[in-house]
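Please look at the sequence and the structure below before reading on.

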Amino acid sequence: MPTVHNVLKNPDLITVINDNGTLEKNFSQIGENFNGTKVIYQSQGEKDILLIESVVPVKFLKLRWKTSFPKDSIYLADDWERGYGTLGFQKITPNRIMPWYFLMSTSNEKIGYGVMVQPNAMCFWQVDPIGLTLIIDVRNGGNGVELGNRRLPVCEIISRKYENVSSFEAAKNFCKAMCPNPIFPQQPVYGSNNWYYAYGDSSSENIINDAKYLSSLTYNNNNEPFMVIDDGWQQNHKIDNYNGGPWFKGNSRFPDMKGLANLISSYDVKPGIWVRLLQNESEEIPNSWRNPINNNLDPSNPEALEYIKEDLKRLCGWGYRLIKHDFSTFDLFNKWGFEMNPLVTENGWNFYDHSLTSAEIVKKLYKAILKVANQYDALILGCNTIGHLGAGLMHLNRVGDDTSGKEWERTRQIGINSLAFRLPQDQAFFSIDADCVGITGHIDWYFNKQWAQLIEKSGTSLFISIKPNILNNQQKIELTQIMERASKQEQHFIPMDWEQIDCPQIWSDGKRTHKFDWFEQNGIKFNSRTSRYLSFLSIIP
C-alpha cells in the first residue's frame, strides 16, 4: 500500500520558454513574472497542480528537482502513443525520454512519478544521477499557445511510494491512482479483425465468410464476439496506396455497408469497423478545415469537428457497435510515436484554434468521438491514440504498433513487449488490446497458439485475424478453446520476469505459472525486410 501521499517536494527550479525568450527561476520566485508568463504551483492533498497565465505565446515549462536516486534502481517508462517494442526496465539513462509517468524499482521500494491522465500538455520525465526533470510542452502545434485571459490548468503531478509489493503491483496501483474515472466495456471484448491476412484486399463476401468462421469458433459462448472490418472498405480505397476517406459509403466490393452489418449480426457476431477520421480526400472540405502540415482534418476547427462527428454517426447508424479509429496521432502531428523524442511535432505551425494546447485539441477530438458513440451504445477502440490523454475517454486502446501475419519476430517484439509493459494500464486506464494474432500460414501455429494463449491468460482483449480454413481440425479445436476463455477474461496472468527481459516468458496468476517459448531455434530471420522491421519503418508488416 502507498506509504507517502506525495514523494515529490516542491521543485527547486522552474524554467519558462515563451515568445519573449527563456527564463529560469528558483521555486521561491514562482509568483514573479517570467517574461510575460505567470506560473502557479499549488499543493492539493495527494497531488500538485501546475497552472499558468500568459500574455505572450508560451511553449514549454521545465520543472527540476535536485535529488539523488539509488544506484541499484531501475526504471519502467511509458511511450507517447503505441509501444514500438522498446518498453521495459532500464538503469538510469539521463537522455531517456519517459512520457507521462515512470516507475522506479529497487529491492526495497517502488516509487511512481507521473501526471494525472487527461493533462492539458504533453509531458515527459528525465532522470539523471543528481536530479529529476519534468518537461511540459504547452504548444499549439509547433508554436506557443495563445492563452489570452485564460488561466490554464497545465497538469496535476502525482507520486506514490510502495513498499513490500512487486513492481507489477506497484505499477498497477499507480496507474489506478493516475486515472480516477476510467470507462470500460460492459462485457469482455474479443473477436476477429481481417487486416492481418487481407491487408486491405477484401470484400463483403470475404467479411461474411470471416463472420461465419468466427461464429463456428464461438457458437457455444454466451458473450458474442466482434467481427471488425478493417481498412479496405471505404469508397476511395486503393490497395497499398490510400487508406483515408471520405467515409460516405463503401467501394464496389462493399456496396451496402448497412446491409453488411445486418448480415454479420445474423451469425451471432457483433459488427465493428475501422476508420481513419482525420484523413479525407472529399472535395467538399474547405482548406480552413485542414491541418497545415499534412492537409488532414483539424479538429480544433468547430466545423471540421462537426463533420468528423457526422462521419461517426453514419458508421454507428449503419449498425457498427465497435468503432476502431486509427492514425489520429500521426494525422495530427505528422510523426509516429518512435519519432516523438523529445517533441511530438516540429516547430513553426499552428492548429486552427491558436488558444488551445495540442493536448487540449487531442482531448477535444476524443470527447467528440465518445459523445457520438454513447448515443448509439457503441464502443470506442483507439489505435495510434495517446493513451494518457484518452484514459477515461475510450473504452479500449490498442497499446502497441502492428503485429504481423507474416513475420513472427515482429509479433514477438511488438506484441509481447506492448502487452507486458502496458498491462498495468488494463482495467486502470481502459481495456487494452495488444493487437491481433495473425493466422495466415506464414507463422508456425506453435508460436501463434502461444501468442493467443498469452492474450487470453492476461485477461485482455483477444482479436484473431484468421484466413478461413487455414487451420487443421486439432488447431481449430485449440483455437475454439482459447476463444471460449477469451470471451470471459477470467484469467489474469502477469509477467514475472519483466525486470530482466523485454519479452517476458514467465507469467503467473499467483497460483499457476506458465513459461512461454518465444524464440526460434535459428534466431531472427534476416531478409530484405529486416532492416525496415528493426527500425519500425514498415507500416504494413
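## Model and confidence

This is a predicted model, in which local features need pLDDT of at least 70, side-chain atom pairs count only at pLDDT 80 or more, and totals for chains, interfaces and linings use all residues. Residues are numbered from 1 along each chain as its sequence is written, and side-chain values use heavy atoms, with hydrogens and water left out.

The pLDDT is the predictor's confidence in each residue, from 0 to 100. The protein chain averages 94, and 95% of the residues score at least 70. The pLDDT is below 50 over residues 1-5, a stretch with 16 contacts in the model beyond near neighbours in sequence. Residues 528-541 also have a pLDDT below 50, with 33 such contacts. A contact means heavy atoms within 4.5 Å.

## Helix 5

Helices (H or I, at least four residues) and strands (E, at least two) are DSSP runs, numbered from the N terminus. Helix 5 covers residues 302-318, 17 residues in total. From its first C-alpha to its last it reaches 25 Å, close to the 24 Å expected at 1.5 Å a residue; the expected span is 1.5 Å times one less than the number of residues.

Buried residues of helix 5 include Leu305, Ile308, Leu312 and Leu315. Buried means under 20% relative accessible area, exposed over 50%, and partly exposed in between (1.4 Å probe, protein chains only). An α-helix has 3.6 residues a turn, so residues three or four places apart point the same way. The buried residues of helix 5 pack against helix 4 (257-266), strand 18 (270-275), strand 19 (322-325) and helix 7 (358-375). After helix 5 comes Gly319, with a positive phi near 115°.

Ser203 sits in the loop between helix 2 (195-198) and helix 3 (204-218). Ser203 counts as buried because its relative accessibility is 10%. Leaving aside residues up to four places away in sequence, Ser203 touches Arg253 and Phe254.

Tyr196 belongs to helix 2 and is buried, at 2% relative accessible area.

An open sheet is formed by 3 strands in the order 25-26-27, with antiparallel pairing. Strand 25 (494-495) and strand 27 (513-515) are at the edges with a single partner strand each, so one side of each has no neighbour in the sheet. Two strands pair if DSSP finds at least two bridges between them. Strand 26 (residues 506-508) is joined to strand 27 by 3 bridges, and Trp507 has His514 in strand 27 as its bridge partner.
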